[in-house]
Amino acid sequence: MDKKRIAKYAHAFIGGKPKVERFYNADESKKIDIMTCEEGYCAGIHTLATIGLSSMDIGMTVQNYDLKVELMLAGIPNNTMLGNILSTIAFQIMDIGTCRYGMLIPDVIAEYMPNHAMKHVVLMSPVFWNKYKVFTSETEKVAWLLAVPVSDRERKYILTNGIEVFDRLLGKKKADIFNLVRTSIL
């Protein structure tokens with residue numbers, strides 16, 4: 001999948017002022033481009049999206065199309081760790097070789113922000129984005145998954161009760177999923 005096409009498509013539903021930056025893993029054997037959109041989805045929030053993760057085969061198909069993924073993370077602009085966190089998630093997915101809705105990525109926030117309640121992320125659908133739609137080409141579909149910060153208790157809750165139940169609880173409690181230092185809802 002052409003990276004420019006993916007970036008333009010993501011920018012169309014994210015909005016804001018985009019800037020693309022390349023991130024490398026520790027030994028520079030992997031790289032991922034991250035687009036940061038300032039003030040895109042809502043005022044005071046930056047939205048970051050991977051560009052190029054969709055070139056990886058995650059071994060899934062939907063309606064006779066190869067399913068591919070890109071990731072998003074949103075947060076307050078003064079958190080310089082957002083790009084590092086999102087790129088680390090992407091590198092872990094590259095290592096694992098798969099990615100799906102409801103997947104938990106343990107300790108990825110704790111690696112950069114060890115003194116906060118939010119330590120992990122769970123990958124969820126950004127369906128609340130009014131303009132968001134899965135990208136469809138001739139042979140594949142690309143879906144974006146939103147990395148939502150979760151605490152140890154929330155992670156255990158997801159493992160016990162499932163992602164759908166947790167998703168409803170986030171809505172009921174009106175959790176600020178864009179705040180990496182929010183208080184746990186459990």
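Is Phe13 buried or exposed? With a relative accessible area of 4%, Phe13 is buried, where buried denotes under 20% relative accessible area, exposed over 50%, and partly exposed the range in between, computed with a 1.4 Å probe on protein chains only. The structure is a predicted model, in which local features need pLDDT of at least 70 and side-chain atom pairs count only at pLDDT 80 or more, while totals for chains, interfaces and linings use all residues. Residues are numbered from 1 along each chain as its sequence is written, and side-chain values use heavy atoms, with hydrogens and water left out.

Seven aromatic pairs are present in the structure; rings of Phe, Tyr and Trp (its six-membered ring) pair if their centres lie within 6.5 Å, and planes under 30 degrees apart count as stacked, over 60 as edge-to-face and the rest as tilted. One of these pairs joins Tyr9 and Phe13 in an edge-to-face arrangement, with 6.3 Å centre to centre and 75° between the planes. Because Tyr9 and Phe13 are four residues apart in helix 1, about one helical turn separates them; helices (H or I, at least four residues) and strands (E, at least two) are DSSP runs, numbered from the N terminus. Whereas Phe13 is buried, Tyr9 is partly exposed, at a relative accessible area of 25%. A further pair, Tyr157 with Phe166, is tilted, at 6.4 Å centre to centre and 55° between the planes. Here Tyr157 is partly exposed at 23% relative accessibility, and Phe166 is buried at 0%.

Tyr9 and Phe13 also belong to one aromatic cluster together with Tyr132, Phe135 and Trp144. Leaving aside neighbours within four places in sequence, Trp144 is in contact (heavy atoms within 4.5 Å) with residues including Ile6, Tyr9, Ala10, Phe13, Leu71, Met72, Met124 and Pro126.

A nonpolar core is a set of buried Ala, Val, Leu, Ile, Met, Phe, Trp, Tyr and Cys residues joined through side-chain atoms within 4.5 Å. The largest such core has 34 residues, of which Val122 and Trp144 touch the most other members. At least two residues of this core come from each of helix 1 (3–14), strand 2, strand 3 (46–51), strand 5, strand 7 (118–124), strand 9 and helix 4. Strand 9 supplies the largest share, six residues. A second, separate core of 29 residues includes Ile34, Leu48, Leu82 and Met118.

Charged side chains provide another set of links. A salt bridge requires a side-chain nitrogen of Lys or Arg within 4 Å of a carboxyl oxygen of Asp or Glu, and the count by this rule comes to five. In one of them, the closest N and O atoms of Lys30 and Asp95 are 2.8 Å apart. This pair connects distant parts of the chain, 65 residues apart: Lys30 lies in the loop between strand 1 (17–24) and strand 2 (31–38), and Asp95 in helix 2 (residues 82–96). Lys30 is partly exposed, at 23% relative accessible area, while Asp95 is exposed at 55%.

Lys68 and Glu140 form another salt bridge, with the closest N and O atoms 4.0 Å apart. Lys68 in strand 5 (residues 65–75) and Glu140 in strand 9 (residues 140–151) are 72 residues apart, and both are buried. Arg182 and Glu154 likewise form a salt bridge, with a closest N and O separation of 2.8 Å. This pair spans 28 residues, from Glu154 in helix 3 (residues 152–161) to Arg182 in the segment after helix 4 (163–173); both residues are buried.

The cysteines complete the description. A disulfide is a covalent bond between the sulfur atoms of two cysteines. With the criterion of a pair of cysteine sulfur atoms within 2.5 Å, a search of the whole structure finds zero disulfides. The sulfur of Cys99 is 19 Å from the closest cysteine sulfur, that of Cys37, and is therefore too far for a bond. Cys99 is buried at a relative accessible area of 1%, and Cys37 is buried at 0%. Cys42 lies in the loop between strand 2 and strand 3 and is partly exposed, at 29% relative accessibility.
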